[in-house]
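Here is a short tour for anyone who likes to check a model by its numbers. Please keep the sequence and the coordinates open beside the text as you read.

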Amino acid sequence: MNLQYISNATGETTGVYIPITDWEKLKEKFVGLEKETDSIPDWHKEIVLERIKTAKPNDYVSWNEAKKHL
């Protein structure tokens, strides 16, 4: 298995990347594994989709503007 570890700015491991082929093999080996992954609740998806529908072009800022606010 070819895992890639993800680290933050201080070098602390914060995650793992699993290639899709390895993920598929794990799901075959451990039936029901995909149920353990996080999923977005339908009610949350509905809220986001509604916000996208009602958003106006002036509601958005460029990436550069967003970075300035951070």
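Leu3 is partly exposed, as its relative accessible area is 31%. In this predicted model, Leu3 sits in the segment that comes before β1 (4–7). Why can Leu3 count towards a surface patch? A patch takes residues with over 30% relative accessible area and no salt bridge, and Leu3, at 31%, is over that cut-off. The patch itself is nonpolar and is formed by Met1, Leu3, Tyr5 and Val16, which together have about 430 Å² of accessible area.

Now for the chain as a whole. Its secondary structure consists of three helices and two strands, and read from the N terminus the order is β-β-α-α-α. The chain is more spread out than a compact globule, because its radius of gyration is 19 Å, well over the 11 Å that the globule rule gives for 70 residues. The C-alpha trace, followed along its principal axes, spans about 50 × 35 × 15 Å.

The table gathers some values for the chain.

| Property of the chain | Value |
|---|---|
| Accessible surface | about 6800 Å² |
| Share of that surface from carbon and sulfur atoms | 56% |
| Buried residues among the 70 residues | 6% |
| Residues 24 or more positions apart, as a share of contacts with a separation of 6 or more | 3% |

How much of the chain is buried? Buried residues come to 6% of the 70 residues. As for contacts with a separation of 6 or more, 3% of them are between residues 24 or more positions apart.

Key. Residues numbered from 1 in each chain as written. Predicted model: local features only at pLDDT ≥ 70, side-chain atom pairs only at ≥ 80, totals over all residues. Heavy atoms only, no water. Patch = residues over 30% accessible without salt bridge, like charges linked within 9 Å, V, L, I, M, F, W, Y side chains within 5 Å. Areas by Shrake-Rupley, 256 points an atom, 1.4 Å probe, with all protein chains shown as cover. Salt bridge = Lys/Arg side-chain N within 4 Å of Asp/Glu carboxyl O. Helix = DSSP H or I, 4+ residues; strand = E, 2+ residues; numbered from the N terminus. Buried < 20%, exposed > 50% of the residue type's maximum accessible area, 1.4 Å probe, protein only. Rg over C-alpha atoms; globule rule 2.2 N^0.38 Å. Contact = heavy atoms within 4.5 Å.
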